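Keep the structure in view as you read.

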Amino acid sequence: MASRVYFIPDCEKESVLKLYKALGKELTGKVAVKVHSGETGNQNFLRPDFWKELIDHVGGTVTETNTAYEGTRNTTEKHLKTIKEHGWSELFPFDLLDAEGDDMVLGIPDGKRIKKNFVGKNTGNYDSLLVLSHFKGHPMGGYGGALKQLSIGMASSYGKAYIHGAGEVEKIWSADHDSFLESMADAAKSVVSYFGGNAVYINVMKNMSVDCDCCAVAQDPCMGDIGMLISLDPVAIDKACLDLVYKSDDPGKAHLIERIESRNGAHTVDAAAELGIGSKEYELITLE
């Protein structure tokens, strides 16, 4: 059965709440809102004000996790400073999920490459998850969207290294590439299973650079904005975004497609679908 993906062909902050309401699902209980806080120096990440109306509507707590590479977000002290400088903690309640203490370990019995996932222990304090993703390219994954936010995004600093290394943290930058992509799918499944369907995914196709928001020095966007999507299915929403890039008549798409294909980015979508996280079959419903 095809999953529903709702699409608005603009990227205005005034349309974000409209998009959420079109889905018809209200997140309940304590809501974790997963964002990308943006590396210091990055010019492309979506600012807190872009999301404000929606986050206020769900009464959510903005959440992030520490990175596993050098920068301004790889320690709790530095990350909290960056969060404040970028305005997140000024506008919203904020929780750095792996700020301190042991990680929460989520099992993945049928994982392709890894059988466990390490996430911030504070993940256990939430009933629902709102995943806010900036769809764009990525230096390693080929692209970044909902599946990356669920996996690398929710993982603790240690967990990020574990996923990158396909279960061997010492191979964080040297593991077999497809094994890394499949490990991302595995990790995403563990988070989806944990929240038991109490999750909503939004992908914003704006400021689409070949580089991630984790890059302090990122290339400028290579193609024009396309729009925003929402779904209950993280596989379907990422597949829809990829399809929209390929169908675009923007000549700049060639640069983004080269990044996606050179890293075999669609393999993450395929692996996630095989794990039963969601479906690559979808119905795209355009909102006026």
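**From fold to rings**

Ten helices and twelve strands make up the secondary structure of the chain. Its radius of gyration is 17 Å, close to the 19 Å that the globule rule gives for 288 residues, so the chain is as compact as a globular protein of that length. Bear in mind that this is a predicted model.

Look next at the overall dimensions. The C-alpha trace spans about 45 × 40 × 40 Å along its principal axes. Of the 288 residues, 59% count as buried. The accessible surface comes to about 11200 Å². Carbon and sulfur atoms hold 49% of that surface. Among contacts with a separation of 6 or more, 76% join residues 24 or more positions apart.

Now turn to the aromatic rings. Searching the whole structure gives seven aromatic pairs. One of them joins Phe118 and Tyr158 edge-to-face. Their centres are 5.0 Å apart, with 85 degrees between the planes. Phe118 belongs to strand β6 (residues 116–119) and Tyr158 to helix α6 (residues 157–164), so this pair ties together parts that are 40 residues apart in sequence.

Tyr158 is partly exposed, at 42% relative accessibility. Ring pairs also bring in Tyr162, which forms a cluster with Phe118 and Tyr158.

The charged end of Lys30 lies over the ring of Tyr126, 5.0 Å from its centre. The charged end of Arg47 sits over the ring of Phe45, 3.9 Å from its centre.

Terms used:
Residues numbered from 1 in each chain as written. Predicted model: local features only at pLDDT ≥ 70, side-chain atom pairs only at ≥ 80, totals over all residues. Heavy atoms only, no water. Phe/Tyr/Trp six-rings, centres within 6.5 Å; stacked < 30°, edge-to-face > 60°. Helix = DSSP H or I, 4+ residues; strand = E, 2+ residues; numbered from the N terminus. Buried < 20%, exposed > 50% of the residue type's maximum accessible area, 1.4 Å probe, protein only. Lys NZ or Arg CZ within 6 Å of the ring centre and 35° of its normal. Rg over C-alpha atoms; globule rule 2.2 N^0.38 Å. Contact = heavy atoms within 4.5 Å. Areas by Shrake-Rupley, 256 points an atom, 1.4 Å probe, with all protein chains shown as cover.
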